[in-house]
Amino acid sequence: MVGFKATDVPPTATVKFLGAGTAACIADLITFPLDTAKVRLQIQGERQGPVQAAASAQYRGVLGTILTMVRTEGPRSLYNGLVAGLQRQMSFASVRIGLYDSVKQFYTKGSEHAGIGSRLLAGSTTGALAVAVAQPTDVVKVRFQAQARTGGGQRYQSTIEAYKIIAQEEGFRGLWKGTSPNIARNAIVNCAELVTYDLIKDTLLKTNLMTDDLPCHFTSAFGAGFCTTIIASPVDVVKTRYMNSALGQYSSAGHCALTMLQKEGPRAFYKGFMPSFLRLGSWNVVMFVTYEQLKRALMAACASTEASS
């Protein structure tokens, strides 16, 4: 057994809730530059056609985007929006990941054998619920990641200022901009991520290919990240574009998607695919491995405390 040993007592909902939020924050700290590079690549060329965008592209590839940002804006630019990102993960991941097992049990009425339908329903439910809780933090994170540090034209100077300016200039609805595509994205992401992880892990354990330890968690998380990127990239690009758009630029998320298709072609929906995969793959590995170990550590600590009292 690698890492903390699984306890006989299953983790409580509180342990899962806190463990998921903490693990997601750790994963964000490590992979945030990749996420920022993804956002820059996704919004690049949104006001141009495909030919003009290709000719005038400022960012090319994951490494090229990161190096360009470091050279023109400094290393700190890679962590634009980190505070909002951590706020988002603490509220967002706690709900969508931490409550997944509880909601899955609700749909299966307590049965230990959950079918694919119950898993998909649970993933969709917690994904949508998480967006309802954390949408403003996601809007601010995307806006920060999209803005360049060069020159004097920055939209926001701090996280608190961003919340205030968005609310003042765009109203309360501005903080909830892109809720519909974000709900769609996160229902898809949550299903692809959690259900795929769940299924791969169950298969590895039931076929005795692996035991319930770090290699199993790593393999399951990597597979989940790859599947999620393929499925969720189109709606993720639309979400990013729409959240970052100026007031009145797009009338709806559907209008944003249609404009992308007309101006940039179908390939626009997979802009930033490589950083998305690198980010989601690495994020999933760090998050799920950390989450599994945190659950075990917290339960072991609880058991130790009860034994000594």
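**Entry 1: charges and ground rules**

For charges, I count Lys and Arg as positive and Asp and Glu as negative, leaving out His and the chain ends. I place each charge at NZ of Lys, CZ of Arg, CG of Asp or CD of Glu. With that settled, I looked up the charges of the protein: there are 31 positive and 20 negative ones, and their mean positions are 7 Å apart.

The model is predicted, so I note its limits: local features need pLDDT of at least 70, side-chain atom pairs count only at pLDDT 80 or more, and totals for chains, interfaces and linings use all residues. Residues are numbered from 1 along each chain as its sequence is written, and side-chain values use heavy atoms, with hydrogens and water left out.

**Entry 2: the whole protein**

What elements does the protein have? I found eleven helices and zero strands. Helices (H or I, at least four residues) and strands (E, at least two) are DSSP runs, numbered from the N terminus. The order of elements from the N terminus is therefore simple to write: α-α-α-α-α-α-α-α-α-α-α. The radius of gyration is 20 Å, close to the 19 Å that the globule rule gives for 309 residues, so the protein is as compact as a globular protein of that length. That radius is taken over C-alpha atoms, and the rule is 2.2 Å times the number of residues to the power 0.38.

I also looked up the extent of the C-alpha trace. Along its principal axes, the trace spans about 60 × 40 × 35 Å. The accessible surface comes to about 14,000 Å², and 66% of it belongs to carbon and sulfur atoms. Such areas come from the Shrake-Rupley method with a 1.4 Å probe; for residues, only the protein chains shown count as cover.

How much of the protein is buried? Buried residues make up 52% of the 309. Here buried means under 20% relative accessible area, exposed over 50%, and partly exposed in between (1.4 Å probe, protein chains only). Next I checked contacts (heavy atoms within 4.5 Å). Among contacts between residues at least 6 apart in sequence, 78% join residues at least 24 apart.

I started in helix H1 (residues 13–43), where I found Ala 27. Its relative accessible area is 0%, so Ala 27 is buried. Setting aside neighbours within four places in sequence, I list Trp 283, Val 286 and Met 287 as its contacts. I also checked Lys 104, 77 residues from Ala 27 along the chain: their C-alpha atoms are separated by 24 Å.

Then I went to Arg 279 in helix H11 (residues 273–308). Is Arg 279 buried or exposed? Arg 279 counts as buried because its relative accessibility is 8%. Beyond residues up to four places away in sequence, Arg 279 touches Asp 28, Thr 31, Leu 34, Asp 35 and Gln 89.

**Entry 3: Tyr 163**

Tyr 163 sits in helix H7 (residues 159–170). With 18% relative accessibility, Tyr 163 counts as buried. Outside four places in sequence, its contacts are Gln 87, Pro 136, Thr 137, Val 140 and Leu 175. Leu 86 is 77 residues from Tyr 163 along the chain, and their C-alpha atoms are 15 Å apart.

**Entry 4: Ser 233**

Ser 233 belongs to helix H9 (residues 214–244). At 5% relative accessible area, Ser 233 is buried. What does its side chain reach? I found the backbone oxygen of Thr 229, at 2.9 Å. Leaving out residues up to four places away in sequence, Ser 233 touches Thr 228, Phe 269, Tyr 270, Phe 273 and Ser 276.

Asn 208 lies in the loop between helix H8 (179–206) and H9. Asn 208 is exposed, with a relative accessible area of 67%. Its phi is positive, about 60°, although Asn 208 is not a glycine.

Gln 249 is in the loop between H9 and H10. At 23% relative accessibility, Gln 249 counts as partly exposed. A polar contact of 3.3 Å joins its side chain to that of Tyr 250. A polar contact is a pair of N or O atoms within 3.5 Å; within protein, one must be able to donate a hydrogen and the other to accept it, and residues adjacent in sequence count only if both atoms are side-chain atoms.

My last stop was Ala 253, in helix H10 (residues 253–264). Ala 253 is buried, at 18% relative accessible area. Apart from neighbours within four places in sequence, Ala 253 is in contact with Pro 181, Val 238 and Tyr 242. The C-alpha atoms of Ala 253 and Asn 182 are separated by 9.7 Å, and the two residues are 71 apart along the chain.
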